[in-house]
Amino acid sequence: MKTELLHTRLETLLERAFETKKSKIQVLGSSSELPLAFFLSQTYSNKINDLPHLVIVGSHESAVELKRLLRFFDPLKYCYIFNHFDVSPYSGLYPNSRTIGERLQFLYHAQNSKPG
């Protein structure tokens, strides 16, 4: 019951932020990807569901875990990870072609994502 109440309250706060046309919304306060994945996959708000989301996490491992959890809660959700390069840009070496492909896939989907 308490979790459902918090979930509904967070939805309401985010909807109000969208109505006031805030360009950036930060949700802070958890060291786990689980609550965020649950919220993003189970929200009932069309204002939230119909928009693409950009989620920034602290590490590649956190991004992979968030993607796994999102797919667990909602197998129809699409999630793309913008991978870091596997070499320093100052090393004179070229990044792995797979990494480049994954980054291009992310950028393609970010550019072509359409609200609702």
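Is Phe-72 buried or exposed in this structure? Phe-72 counts as exposed because its relative accessibility is 61%; here buried means under 20% relative accessible area, exposed over 50%, and partly exposed in between, with a 1.4 Å probe and protein chains only. The model is predicted, so local features need pLDDT of at least 70 and side-chain atom pairs count only at pLDDT 80 or more, while totals for chains, interfaces and linings use all residues. Residues are numbered from 1 along each chain as its sequence is written, and side-chain values use heavy atoms, with hydrogens and water left out.

The overall plan comes next. The protein contains 5 helices and 0 strands, and its pattern along the sequence reads α-α-α-α-α. These elements are DSSP runs numbered from the N terminus, where helices are H or I with at least four residues and strands are E with at least two. Of the 116 residues in the protein, 22% are buried. The protein exposes about 9,300 Å², of which carbon and sulfur atoms supply 58%; accessible areas come from the Shrake-Rupley method with a 1.4 Å probe, and for residues only the protein chains shown count as cover. Among contacts with a separation of 6 or more, 57% are between residues 24 or more positions apart, contact meaning heavy atoms within 4.5 Å.

The interior may be considered now. In soluble globular proteins, nonpolar side chains tend to be buried together. In this model, the largest nonpolar core has 8 residues, namely Leu-14, Ala-37, Phe-39, Leu-40, Leu-66, Leu-69, Leu-70 and Cys-79. Helix H2 (34-42) and H4 are the elements that give two or more residues to this core. Such a core is a set of buried Ala, Val, Leu, Ile, Met, Phe, Trp, Tyr and Cys residues joined through side-chain atoms within 4.5 Å. Not counting residues up to four places away in sequence, Ala-37 touches Leu-66, Leu-69, Leu-70 and Phe-73.

The structure holds 2 aromatic pairs, a pair being rings of Phe, Tyr and Trp (its six-membered ring) with centres within 6.5 Å; planes under 30 degrees apart count as stacked, over 60 as edge-to-face and the rest as tilted. Phe-72 and Phe-73 form an edge-to-face pair, because their ring centres are 5.3 Å apart and their planes stand at 70°. Phe-73 is partly exposed, at 23% relative accessibility. The rings of Phe-82 and Phe-106 have centres 5.0 Å apart and planes at 45°, so this pair is tilted. Because Phe-82 lies in the loop between H4 and H5 and Phe-106 in helix H5, the pair ties together parts that are 24 residues apart in sequence. Phe-82 is partly exposed at 38% relative accessibility, whereas Phe-106 is buried at 17%.

Phe-85 is placed in the loop between helix H4 (60-73) and helix H5 (97-112), and with 39% relative accessibility it counts as partly exposed. Ile-100 lies in helix H5 and is partly exposed, at 34%. Leaving aside neighbours within four places in sequence, Ile-100 is in contact with Phe-85 and Pro-95. Thr-99, also in helix H5, is buried at 11% relative accessibility. With the neighbours within four places in sequence set aside, Thr-99 is in contact with Asn-83, His-84, Phe-85 and Asp-86.
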